[in-house]
Amino acid sequence: MVEKRIRIGVLASGSGTNLEAIANAIERGEVPAEIAIVLSDNPKAFALQRAKKHGIPAKVILPSEFSDRREYETALISELKRAEVELVALAGYMRLVGQEFLVEFKGRIMNIHPALLPSYPGTHAVRGALQYGAKVSGVTVHFVDDGIDTGPIIIQRAVPVLENDDEESLHQRIHEQEYKAYPEAIRLFAEGRLKIEGRRVRVLGETSS
Ligand code: GRF
């Protein structure tokens with residue numbers, strides 16, 4: 001039997017280590033998916049090199065070349081549709097997605113955030129946990145809605161904040177969990193096991209303990 005593989009579009013603005021973790025998990029056969037396209041708003045994003053290394057088509061779409069966000073997003077949407085993308089994964093994408101995008105991919109946009117939401121939304125979440133003196137932070141994979149890191153939560157993983165942590169060491173430990181949680185969330189989506197019910201995401205086939 002030929003397994004159905006869903007087509008993913010990844011949006012990345014930076015280093016792309018999550019993109020790489022997803023690509024590696026797919027190559028190991030752990031996620032029934034294919035990264036159909038990587039799009040970036042930043043020509044210097046190292047994510048573009050990582051995509052190339054994995055043989056994934058990648059393209060820069062520069063927001064400054066469009067008159068407003070709506071036009072920029074229309075271009076993004078048409079690239080994603082051309083690539084027949086079924087799921088959009090934001091992986092270090094440093095922009096908010098607009099209404100048109102949300103409507104087009106309703107319930108099919110995921111994001112990864114380096115904190116246990118709803119704590120420390122927005123940028124600098126790792127710094128936020130350190131500055132607050134939190135003992136535990138972590139990782140959240142969630143569906144995207146029209147707020148800032150407010151969408152229904154799919155997976156969370158806790159990460160301890162250690163006495164001597166600085167932003168880099170804590171982010172490194174958070175990354176290790178991200179690289180497991182994001183491919184896992186995508187696998188669950190690809191298997192058709194995620195059901196959004198209001199603010200909650202039910203994972204089908206999982207018994208609650
Ligand atoms: C990750 O920590 C992710 O949680 C946040 O941005 C960072 C992106 O890192 N949204 P990378 O580009 O995947 O290396």
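This is a predicted model: local features need pLDDT of at least 70, side-chain atom pairs count only at pLDDT 80 or more; totals for chains, interfaces and linings use all residues.
Trainee: Where does the ligand sit?
Mentor: Let's begin with the space itself. There's about 890 Å³ of it in the largest pocket, and the lining there comes from 39 residues. As for the ligand, its place is in the largest pocket.

Trainee: Which residues lie nearest the centre of the largest pocket?
Mentor: The lining divides into 13 nonpolar, 18 polar and eight charged residues. Nearest the centre of that pocket you'll find Gly92, Tyr93, Met94, Pro114 and Thr123.

Trainee: Which element gives the most to the lining of the largest pocket?
Mentor: Helix 1, strand 5, helix 5 (125-132) and helix 6 each put in at least two residues. With four residues, the top contributor to the lining is helix 6.

Trainee: And which element gives the most to the shell around the ligand?
Mentor: Look at who surrounds the ligand: among them are Thr17, Ile112, His171, His175 and Glu178. Elements giving two or more residues to this shell are helix 1 (17-27), strand 5 (109-113) and helix 6 (167-190). With three residues, the biggest giver to the shell is helix 6.

Trainee: How many residues of the shell around the ligand are charged?
Mentor: The shell includes Ser15, Gly16, Asn18, Gly92, His113 and Pro114. Sorting the shell gives two nonpolar and eight polar residues, and the charged count is one.

Trainee: How far is an oxygen atom of the ligand from an N or O atom in the side chain of Glu178?
Mentor: Compare a few contacts as you go. A ligand oxygen is 3.5 Å from a polar backbone atom of Ser15, and a ligand oxygen is 2.8 Å from an N or O atom in the His171 side chain. For the side chain of Glu178, the distance from a ligand oxygen to an N or O atom is 2.3 Å.

Trainee: How much of the ligand's exposed area does the protein bury?
Mentor: Picture the ligand on its own first: it would expose 360 Å². With the protein around the ligand, the buried share of that area is 86%.

Trainee: Which residues does the cis peptide bond join?
Mentor: Check the loop between strand 5 and helix 5, where Pro118 lies. The omega angle of the cis bond is about 10°, and the residues joined are Leu117 and Pro118.

Trainee: Which residue has a positive phi although it is not a glycine?
Mentor: Go to the loop between helix 3 (69-82) and strand 4 (87-90). The phi in question is about 55°, and the residue is Glu84.

Key
Residues are numbered from 1 along each chain as its sequence is written. Side-chain values use heavy atoms; hydrogens and water are left out. A residue is near a molecule or strand if one of its heavy atoms lies within 4 Å of it. A polar contact is a pair of N or O atoms within 3.5 Å; within protein, one must be able to donate a hydrogen and the other to accept it, and residues adjacent in sequence count only if both atoms are side-chain atoms. Accessible areas come from the Shrake-Rupley method with a 1.4 Å probe; for residues, only the protein chains shown count as cover. On a 1 Å grid over the protein atoms alone, a cavity is a set of points where a 1.4 Å probe fits but cannot get out, and a pocket is an open set with protein on both sides within 12 Å along at least five of seven lines; lining residues have an atom within 4 Å of a point. A molecule sits in a cavity or pocket if more than half of its atoms lie within 2 Å of its grid points. Ala, Val, Leu, Ile, Met, Phe, Trp, Tyr, Cys and Pro count as nonpolar, Asp, Glu, Lys and Arg as charged, and the others, Gly among them, as polar. Grid points are joined across faces, edges and corners, and a volume is the space filled by probe spheres set on the points.
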